[in-house]
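Please read these remarks alongside the coordinates.

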Amino acid sequence: MFPLKRVVAAEWLKLRHSHLWIVLLALPIVSVLMGCGNFYMNQGVLQNGWYSLWSQVGLFYGEFFFPTLIAICCAYLCRLEHSGKNWNMMMTAPVPVASIFWAKLLTAGMLTAFVQLVFALLYIIGGTMTGLSIFELPEELFGWLLRGWLAAVTISSFQLALSMRIRSFAVPVGIGLGATFLGLGMYVAKAGLFFPHSLLTIGMGVLSPESLPVQQQLTVVVVNLLYTAAFSAAAIYRLRTADVSA
Amino acid sequence: MIRSIWLECYKLRRRYVGMTVLLMIGVEMGWAFMASSMSIARNPDQASWEPLIAMTASLNGLFAPILAAICVSRICDMEHKGNTWKLLLSMSVKRERLYAAKYGCVALILLLACLVQVLVMIGFGKVNGFEESVPIMLLGRLLAGTMAAHLAVIALQQWLSMALHNQAFALCLGMLGGFIGMAADLFPSAIRPLFIWSYYSGLSPVAQSYAGNQLEFIARDLGTELPMIGLLLFIGLLIYGAGRWHVSRQEV
């Protein structure tokens with residue numbers, strides 16, 4: 001079996017009985033519930049149908065809670081390694097060091113994809129329940145979700161690099177939260193492409209739900225890939241060169 | 001008791017808790033000052049303390065629950081991670097006192113954070129040349145309201161952080177608390193008091209209301225605020241008591 005496949009299987013094994021799914025489900029549910037409630041109460045002002053609903057449910061989810069949820073997931077993926085002598089065991093396992101990081105990133109990618117799917121499903125259910133027609137779903141929806149997920153993978157690589165370095169569970173989450181607000185500032189200053197957390201705002205179109213021009217869509221994808229490569233390279237380099245503290 | 005609190009503070013050396021708290025307060029106040037500066041640039045007559053206090057109180061609704069969750073998780077997780085509960089319990093100190101010491105330590109850290117927040121606000125007002133003198137009473141009420149909400153939130157977070165090893169739940173609750181704290185003003189007034197996170201903005205000494213197209217800031221009556229603080233402290237005490245009772249009887 002390929003080493004990466006074995007390490008990914010080990011990551012899933014470690015997630016068993018963690019009840020992480022409760023955390024993964026709680027935030028999209030609360031975001032959609034409150035967004036739909038606000039949309040329903042203010043239908044006189046919010047008259048752009050699905051687009052208005054997207055701005056309501058997506059604002060807090062995409063702007064604040066999804067990045068923090070990613071930070072929590074990444075901190076959890078590294079939590080077991082930081083207890084006991086588990087880093088020593090991981091580093092002496094007969095697998096390439098890089099595959100330890102890639103396996104965590106893949107697992108984080110799968111978890112965030114699950115969250116995005118749940119969010120999309122709840123958005124459609126919520127919209128239908130507030131009286132919107134399912135046949136008029138925005139054609140940009142798939143693009144929003146996909147680009148949002150790409151940005152989520154980028155943020156995951158950043159958070160994993162932090163969580164593998166910092167033993168505390170809460171500190172990387174706090175740093176991630178600070179970065180979220182910095183990302184909002186960068187977006188407002190029209191420099192969103194230069195900061196990973198702003199890429200989520202741009203990709204999911206939560207502040208401006210109109211569709212992005214093709215060139216900008218490509219730029220968002222390329223910048224995401226560049227950031228992911230840079231954070232991953234830094235994390236793997238550190239794993240290879242610095243001693244672990246068990 | 002003071003020695004136990006001091007011991008908890010001592011254990012936090014080189015754990016960058018202070019830096020984390022200052023970073024978050026810095027981001028929050030940066031946001032508040034940026035919004036206030038923009039507002040003052042548009043309406044120079046709004047260069048006064050009331051809008052700044054109202055803005056800070058409503059941002060506290062978002063930031064303070066998460067800050068409290070991070071601090072409490074940090075102070076409880078070090079015992080889980082280092083597997084030091086048995087070591088700690090082998091001291092001739094009751095479990096209840098250890099629980100109280102951790103609570104006191106976090107409350108002290110957050111009190112200092114609130115004081116820093118107030119001092120930074122005074123600095124902002126002075127730099128921007130607010131004409132009125134520093135409203136000690138309003139700032140004191142903001143401090144008291146924020147701390148009352150903190151005391152209840154810390155009690156809930158500590159219960160969760162100590163009862164469950166997995167800190168993801170505690171931080172998720174903190175995040176949900178931030179969400180509720182931020183959106184609390186949109187809730188119907190009948191259900192708003194049920195959420196302890198809603199009191200960060202609910203106990204703001206300055207209320208905002210629209211008079212036509214103009215946003216107005218009015219100082220709230222102290223008489224309506226005091227019973228709310230009393231109720232919140234009572235709820236906090238109940239949560240603290242339940243958490244202490246539950247955690248003290250858990251098997252290590």
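Predicted model: local features only at pLDDT ≥ 70, side-chain atom pairs only at ≥ 80, totals over all residues.

1. As to overall dimensions, the C-alpha trace of chain B spans about 60 × 40 × 30 Å along its principal axes. The radius of gyration of chain B is 19 Å, which agrees with the value near 18 Å that a compact globule of 252 residues would have.

2. For chain A, an unreviewed UniProt entry annotates "transmembrane region" at residues 20–40, 60–80, 101–124, 144–162, 169–189 and 218–237. Two of these spans can be set against the model: residues 60–80 of chain A are 100% helix, with end C-alpha atoms 30 Å apart, and residues 218–237 of chain A are likewise 100% helix, with end C-alpha atoms 28 Å apart.

3. Helix 6 of chain A, residues 141–165, reaches 36 Å from its first C-alpha to its last over 25 residues, close to the 36 Å expected at 1.5 Å a residue. This helix is mostly covered, in that 19 of its 25 residues are buried.

4. Helix 2 of chain A, residues 20–41, has 22 residues and reaches 33 Å between its first and last C-alpha, close to the expected 32 Å. Its buried residues include A:V23, A:L27, A:P28, A:S31 and A:V32, together with A:M34, A:G35, A:C36 and A:F39. What covers the buried residues of helix 2 of chain A includes helix 3 (49–82) and helix 5 (97–129) of chain A, and also helix 7 of chain B.

5. Turning to the contact between the chains, which elements of chain B give two or more residues to the side that touches chain A? The contact takes 23 residues from chain B and 24 residues from chain A, and on the chain B side the elements in question are helix 2 (17–42), helix 3 (49–82) and helix 7 (167–183). Helix 7 of chain B gives the most, with 9 residues. The residues on this side of chain B divide into 16 nonpolar, 4 polar and 3 charged.

Conventions
Residues numbered from 1 in each chain as written. Chains lettered and ligands numbered in written order. Helix = DSSP H or I, 4+ residues; strand = E, 2+ residues; numbered from the N terminus. Expected span 1.5 Å × (residues − 1). Buried ≥ 20, exposed ≤ 12 C-beta atoms within 10 Å, placed from the backbone. Contact = placed C-beta atoms within 7 Å. Nonpolar A, V, L, I, M, F, W, Y, C, P; charged D, E, K, R; others polar. Rg over C-alpha atoms; globule rule 2.2 N^0.38 Å. UniProt positions renumbered as here; feature names shortened; annotations may be inferred.
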